[in-house]
Amino acid sequence: MDQACAALIKDLKQLDMLKDTLVVFGSEFGRTPMAQGNGRDHHVKAFSMWLAGGGVKGGLTYGATDELGYNAAEDVVEVHDVHATMLHLLGIEHKRLTIKFQGRNFRLTDVHGNVVTKILA
C-alpha cells in the first residue's frame, strides 16, 4: 500500500475516525504486456479498488482476476455496484437519489446497481 495512504488510515484509526470515514482508492486500471500499435494496451476488463473504514469489513479481499490479471473472474463488481455500495455506506439509498434532466429522473446507478453486502461490516 502507498505509504501516504497507509499513514492516512493509521491517523484516522488513531483519532477514532475510521469507523465514520469511508476511504475509497481507485486508480488507472493498469497496462498489459501486449500492444496493438504503439504503446501498451490497458486492462479494460478488470481493475482494483480498495475501501477502508466507514462500515467496510477490514482485511477482506473480494473478487479476483484471471491468472494474467486481464479479465475479472470471481465476484465481479460492476461500476454501478461500486457506486451503490459507496452511497449505501454514506447513508444514501441509491435508488432514491435522482436528478431531473430533460424531463427524466436520472440516478448515478441508472437502472442498475446492487449494494455489495459481502464487504459490509
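Modeller: Before we start, a pocket here is an open set of grid points with protein on both sides within 12 Å along at least five of seven lines, and its lining residues are those with an atom within 4 Å of a point. Please also keep in mind that the model we are looking at is a predicted one.

Colleague: With that in hand, which residues lie nearest the centre of the largest pocket?
Modeller: The largest pocket has a volume of about 1,100 Å³. Its lining is made up of 35 residues, and those that lie nearest the centre are F47, S48, M49, W50 and Y62.

Colleague: Which element gives the largest share of the lining of the largest pocket?
Modeller: At least two lining residues are supplied by each of β2, β3 (64–65), β4 (72–74) and α2 (79–89). Strand β2 covers residues 49–53. The largest share of the lining amounts to five residues, and the element that contributes them is β2.

Colleague: How many residues of that lining are nonpolar?
Modeller: When the lining of the largest pocket is sorted by class, nine of its residues are polar and five are charged. The nonpolar residues in this lining number 21.

Colleague: Are F25 and W50 buried, partly exposed or exposed?
Modeller: The range that matters here runs between 20% and 50% relative accessible area, and residues within it are called partly exposed. F25 has a relative accessibility of 33%, while W50 has a relative accessible area of 23%. Both values therefore fall in the class partly exposed.

Colleague: Turning to F101 and F106, what kind of aromatic pair do they form?
Modeller: The centres of the two rings, F101 and F106, are 6.0 Å apart, and their planes stand at 65°. Planes over 60 degrees apart count as edge-to-face. The pair of F101 and F106 is therefore edge-to-face.

Colleague: Which residue forms a salt bridge with R104?
Modeller: The structure holds three salt bridges, and in the one made by R104 the closest N and O atoms are 3.7 Å apart. R104 itself is partly exposed, with a relative accessible area of 38%. Its partner in the salt bridge is D110.

Colleague: Which residues do salt bridges with shared partners join into one network?
Modeller: K19 bridges to D16 with the closest N and O atoms 2.9 Å apart, and K19 also bridges to D20 with the closest N and O atoms 4.0 Å apart. K19 and D16 are both exposed, and D20 is exposed as well. The network formed through shared partners consists of D16, K19 and D20.

Colleague: Where is Q102 found?
Modeller: Q102 has a positive phi, near 50°, and is a residue other than glycine. Its relative accessible area is 73%, and Q102 is therefore exposed. Its place is the loop between β5 (98–101) and β6 (104–107).

Colleague: Finally, what distance separates the C-alpha atoms of T65 and K45?
Modeller: T65 is found in strand β3, and it counts as partly exposed, with a relative accessibility of 39%. T65 and K45 are 20 residues apart along the chain, and their C-alpha atoms are separated by 9.2 Å.

Terms used: Residues are numbered from 1 along each chain as its sequence is written. This is a predicted model: local features need pLDDT of at least 70, side-chain atom pairs count only at pLDDT 80 or more; totals for chains, interfaces and linings use all residues. Side-chain values use heavy atoms; hydrogens and water are left out. Helices (H or I, at least four residues) and strands (E, at least two) are DSSP runs, numbered from the N terminus. Buried means under 20% relative accessible area, exposed over 50%, partly exposed in between (1.4 Å probe, protein chains only). Rings of Phe, Tyr and Trp (its six-membered ring) pair if their centres lie within 6.5 Å; planes under 30 degrees apart count as stacked, over 60 as edge-to-face and the rest as tilted. On a 1 Å grid over the protein atoms alone, a cavity is a set of points where a 1.4 Å probe fits but cannot get out, and a pocket is an open set with protein on both sides within 12 Å along at least five of seven lines; lining residues have an atom within 4 Å of a point. Grid points are joined across faces, edges and corners, and a volume is the space filled by probe spheres set on the points. Ala, Val, Leu, Ile, Met, Phe, Trp, Tyr, Cys and Pro count as nonpolar, Asp, Glu, Lys and Arg as charged, and the others, Gly among them, as polar. A salt bridge is a side-chain nitrogen of Lys or Arg within 4 Å of a carboxyl oxygen of Asp or Glu.
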